[in-house]
Every structure is written in C-alpha cells, then in structure tokens.
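Here's a quick briefing to read with the model open beside you. Some ground rules come up along the way, then the details go topic by topic.

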Amino acid sequence: MMRWWKQFQQRIFRSVHSIGEVAYLWFDTLRYGFKRPYEFKSLLHQMEEIGVRSLPIVLISSFFVGMVMAIQVAYSEANFAGRVMVGIGVGVAITREFGPLLTALLVGGRISAGMTSVIGSMRVTEQVDAIRLLGASPAKKLVFPRIFAALLMLPLLTAVADFVGVFGGLVVSLVDIKMTFMTYIYQVQRAVSLTDFFGGIFKAVIFGFFIALIGCYNGLKVEGGAEGVGKATTRSVVASSVCVMISDYFLTKLLIIL
Amino acid sequence: MAIFAFFDEVHKRFDGEDVLRGLTLHIRKGEALIILGGSGTGKTVILKHIVGLLSPDKGRVYVNERDITGYDENQLLTVRRKVGFLFQNSALFDSMSVFDNVAYPLREHTRLLESEIEQKVKEKLKLVGLEGTDWMMPDKLSGGMRKRVALARAIILEPEALLYDEPTTGLDPITTRWVNVLMRNLHERLHITSVVVTHNIQSAMSVADRIAFLYRGRIKFVGTPEEIKECGDHIVQEFLKS
Ligand SMILES: Nc1ncnc2c1ncn2[C@@H]1O[C@H](COP(=O)(O)OP(=O)(O)OP(=O)(O)O)[C@@H](O)[C@H]1O
Ligand SMILES: [Mg+2]
C-alpha cells in the first residue's frame, strides 16, 4: 500500500515537472523566436510539411465522415424528420466538432510524431548540442517554426475539412436520399452560423499549438539513441491525442458560454 | 603557466548513476591534452562541461579563469565563441549542404559578406582536404568525410581552443594516422589549446603534450607520454597494453 502510494506520488510529481518544462519551453520559444535572424525559411518549410503533406489524409477522411454523417442522420429511427434534416445535421456536426477534431487527431498524430522523430534524432546525433554551441537556441531554430506553422496550418486544414465534409454530405443527399441540391445547401446555410465555423477554427488553433508543443518537447527530451527516439515518438502521438480530446471538452464548453 | 580550464571537484550523475565523482583537472593554455578512458566512462561528459552544454551537480568549472558553473545560455556565448567542438557523431546539420554547415558559425556569429564567407569556407575545406564537396549533403558522405567537415566547421571561427570528441573512432588506420597528423599540425599552426578525448592509445602518444587517464569518474593519472609509460599504476598499464 505504501509502495503504491509512493509510486503514485512520483508519477504526479513527474507529470507536474513535465508540464513545468513544457511551459518553460514555450516561454523560451517566445523569448528567442522573435529575434533576428528570423526563421522564415524553416517556417515555410514546416508549413509545407504540415499543410501540404497532410492534405490527402484530410481530404479523404473528411469526405467520408461527411458521407457517414449524412447517412446516420437520414436513417436514424428516433428522428422521423431525419431525412429532411440532413443538411442541418451534417453542417452543424462537421463545422462545430468533426472538422476540427478529426483534423487534429489525424494530422496531429502525424505531425507530432514527425516532429518528435526529427528533433529526437537531432538530439541523439548531437545536432541540438551543436545548435546551442554555435550560439543559437534550439527553441528558436527548431521549436518556433514548428509551433507557428502548426498554428497557421491547422485552422486552414480544418476549414478544408469543413468544406469537404459538407460536400460529402451533399453527395449522399443527392445520390442516396434524393434531396435536391438547393435544399441541402439551404439547410446548411440556415443551420451553420459564422460563429459555429469560427468556433471550430478557433479550436483548431489551440489544437495546433498543443500538438506542436508536445511534439517538440518530446523530441528535445529524447534519451538513449535510436530506441529512445522510437519510444518518444509513440509517447507524442498518445499525448497529443489525449491532450486534443481533453482540451476539446473545455473549448466546447467555453465556446458555448461565449 | 596560464590555465585554459579547471575542473574543481566536479560531480555529475545521470539517472542515479555517478559519472563524474569529484573530478579535478587542469588544462593548460596552449597544450595538447589527451584524455584517455574506456567507453562510457564520461569522456564526452567532461568535454561538454567545458562549453556549458552540461553543468556540474556539485563542484565548479572554470574557463579562462572565470567560473562558468552558473552561467546561462547568454553568458556562455562568450566561452562558446572561442571554443571549437568536434562532436563524436560529427553533428552536421542534416538539412544543410556541406558549405552551409561550415558557413553556419560565421552566419550566426559574424556579419561578414557572402563573398567573404565563401572564401573562408573554401579555405577551411581545403585545409581538411575536402575541396569541391561544397554542395554535397551530409548523408551522402562517409564517416571520415563527415568528421572532416565537422572539423572545418569547428575551426571556422578561429577558436582559441579545440575540443575533439573521439576524432579517430570508426576510421580506418590510414585515415586515423592522417587525422592524428592533422590534429598535431593544427595545434602547432594555430597556437591553440587542444583537448582530445579518445580510447586510441596511438593517437594519444603521437598527439599529446600530456595525457590524463580517466577512471571511475576521476583523473587517475596526468603526465607526459613518457611519464605514463613509466607510471607504476597497474590499471593504467593494463589500459596501455590493451
Ligand atoms: N545527457 C545525458 N543524459 C543521460 N545520461 C547521459 C547523458 N550524457 C551521458 N550520459 C551517461 O553518462 C555516461 C558516460 O557518458 P559519456 O558519453 O560521457 O561516455 P564516453 O566516455 O564518452 O563513452 P563513449 O566512448 O561511448 O563515447 C553514460 O552511461 C551515458 O549513458
Ligand atoms: Mg563519448
């Protein structure tokens, strides 16, 4: 019993310690990131890495989720009006929730893992030490471009996911439910307000921030060679997904209050 | 004689394992000091303390008569600028060409024109025997070539001291000999302090003014190559024979 309690205490202590370190890393990133010479080139490179390369996953999965949503709404038994309400159901669910969440989970897993493995291997091959030795801060050179690229690209990808998801719903409505184009679009327009849309985009910004920060932090903390990189990468995927889920709840709450 | 660096009873532990246990060592200005020791004994850890990439848990580190133990990254800049470091893994930046790797310290630390940078980079690449490799990417280079590029990068700011972390490990005998000669030449031509960490005894004998022997987190012996041969300690002799 005592031992269990001790381990529990240690775990809590370690978690709090990591949270402190993550906050400190963010602080360093802000402190050094805006100093000359600016990291434009790596920022662009990261935006491409995150944005362009994630586009296929986002397109495919949001299209299918849109279609699935449409079918679910149309054929739900409890809702006798379901068939007529497809545009409303799909529009609201996608823009408020599934667009941002799906993007953050899929893209987030991909990019936080990528960041951890790249920065982690730089750490085990002493490149991170070399950056420090040669007079720069890893927070500025490595973390800053990644976090800001994620802050910019996640909302963009989410917007894409919203449109493609709604489009997926449209396809099902036309082909399967025999709804007219105009009806579906009219429903989406009526149901989805700009507040819904930008609420989702706002979530995406926050998700992007957490995902990149976690990915970078785990990379910089890697210890013990190639094996360590592998472990840290897995840890990043799990931590960023969990963090997205938890913060999603609080963000949703917050957006409803506002 | 002036002192370049001084370790005063330095302790360092990682994950509950003591690596340095009260290590004391003087590194004299202008000497070529070789630190000998088995693998995993903390040789890299010692070098990283000199430039503040690691800091002691207990004890003090002095560089150029200044106590750098509590320095933050900004204060460490003044030390790091004057010290070249050849990392064990070379630590070339994967995302940059050979030219950009070697030019990196100049771009970070000086406001030289691109033409001046180019001239300096070419000169240093020639010095390490790698002319014409400018636009190659590091992953296309052999281990020996990577080490030489890393060396060019380490000397580009014309440092007062050069720290080599196992410069000959993993190289063939001929390249090893060549690197030994290069280190000795650089040492004499640039009038710098050289600190070389290695477990290669031949390297040590041919390059060193003095040799320090690291054992269980302390320096067990320091002296000239002649002195170490005659030293009575059986652990030192065992290591020399192997
Ligand atoms: N940053 C670090 N974090 C955790 N442990 C470390 C760190 N740096 C070194 N160690 C540990 O300290 C010990 C000594 O490491 P060091 O790299 O200095 O050995 P070395 O003498 O250079 O060995 P090698 O010949 O393998 O290069 C090792 O057990 C290593 O695992
Ligand atoms: Mg080493």
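This is a predicted model: local features need pLDDT of at least 70, side-chain atom pairs count only at pLDDT 80 or more; totals for chains, interfaces and linings use all residues.

Burial first: a residue is buried under 20% relative accessible area, exposed over 50%, and partly exposed in between, using a 1.4 Å probe and protein chains only.

Residues are numbered from 1 along each chain as its sequence is written, chains are lettered from A and ligands numbered from 1 in the order in which they are written, and side-chain values use heavy atoms, with hydrogens and water left out.

**Chain A overall**

- Chain A has eight helices and zero strands, where helices (H or I, at least four residues) and strands (E, at least two) are DSSP runs numbered from the N terminus.
- The C-alpha atoms of chain A fill a box of roughly 65 × 55 × 35 Å along the principal axes.
- Of the 258 residues in chain A, 48% are buried.
- Take the contacts (heavy atoms within 4.5 Å) in chain A between residues at least 6 apart in sequence: 85% of them join residues at least 24 apart.
- The accessible surface of chain A is about 13600 Å², and carbon and sulfur atoms account for 72% of that; such areas come from the Shrake-Rupley method with a 1.4 Å probe, and for residues only the protein chains shown count as cover.

**A nonpolar patch on chain A**

- A:Met1, A:Trp4, A:Trp5, A:Phe8, A:Ile12 and A:Val16 make up a nonpolar surface patch with about 710 Å² of accessible area together.
- To join a patch, a residue needs over 30% relative accessible area and no salt bridge; like charges are joined within 9 Å, and nonpolar side chains (Val, Leu, Ile, Met, Phe, Trp, Tyr) within 5 Å.
- One of the members, A:Phe8, sits in helix 1 (residues 2-33) of chain A and counts as partly exposed at 37% relative accessibility.

**Salt bridges**

- Over all chains the count is 31 salt bridges, each being a side-chain nitrogen of Lys or Arg within 4 Å of a carboxyl oxygen of Asp or Glu.
- A:Glu39 and A:Lys140 pair up at 3.7 Å, N to O. A:Glu39 is in the loop between helix 1 and helix 2 (40-74) of chain A and A:Lys140 is in helix 5 (residues 138-175) of chain A, so this pair ties together parts 101 residues apart in sequence.
- Both partners are buried: A:Glu39 has 11% relative accessibility, and A:Lys140 has 6%.
- A:Glu48 bridges to A:Arg53, with their closest N and O atoms 3.8 Å apart; A:Glu48 is partly exposed at 38%, and A:Arg53 is partly exposed at 47%.
- A:Arg132 and A:Asp129 meet at 4.0 Å, N to O, and both lie in helix 4 of chain A, three residues apart, about one turn of the helix.
- A salt-bridge network links A:Glu126, A:Asp129, A:Arg132, B:Lys48, B:Glu73 and B:Arg80.

**Helix 2 of chain B**

- In helix 2 (residues 73-81) of chain B, the buried residues are B:Leu76, B:Val79 and B:Arg80. They sit on the same side of the helix, because they cover an arc of only 95° around the axis, judged by the directions from the helix axis to the C-beta atoms.
- What do the buried residues of helix 2 of chain B pack against? Their partners are helix 4 (127-133) of chain A together with helix 1 (43-50), strand 4 (58-63) and strand 6 (83-86) of chain B.

**Other spots in chain B**

- B:His109 is in helix 3 (residues 98-109) of chain B and is buried at 18% relative accessibility. Beyond its neighbours within four places in sequence, B:His109 contacts A:Leu134, A:Gly135, B:Leu77, B:Arg81 and B:Leu157.
- B:Ile192 is in the loop between helix 6 (173-190) and strand 8 (193-198) of chain B, and is buried at 2% relative accessibility.
- B:Ile192 and B:Glu31 are 161 residues apart in sequence but 7.5 Å apart in space, C-alpha to C-alpha.
- Most residues other than glycine have a negative phi. B:Asp15, in the loop between strand 1 and strand 2 (17-28) of chain B, has a positive phi near 45°.
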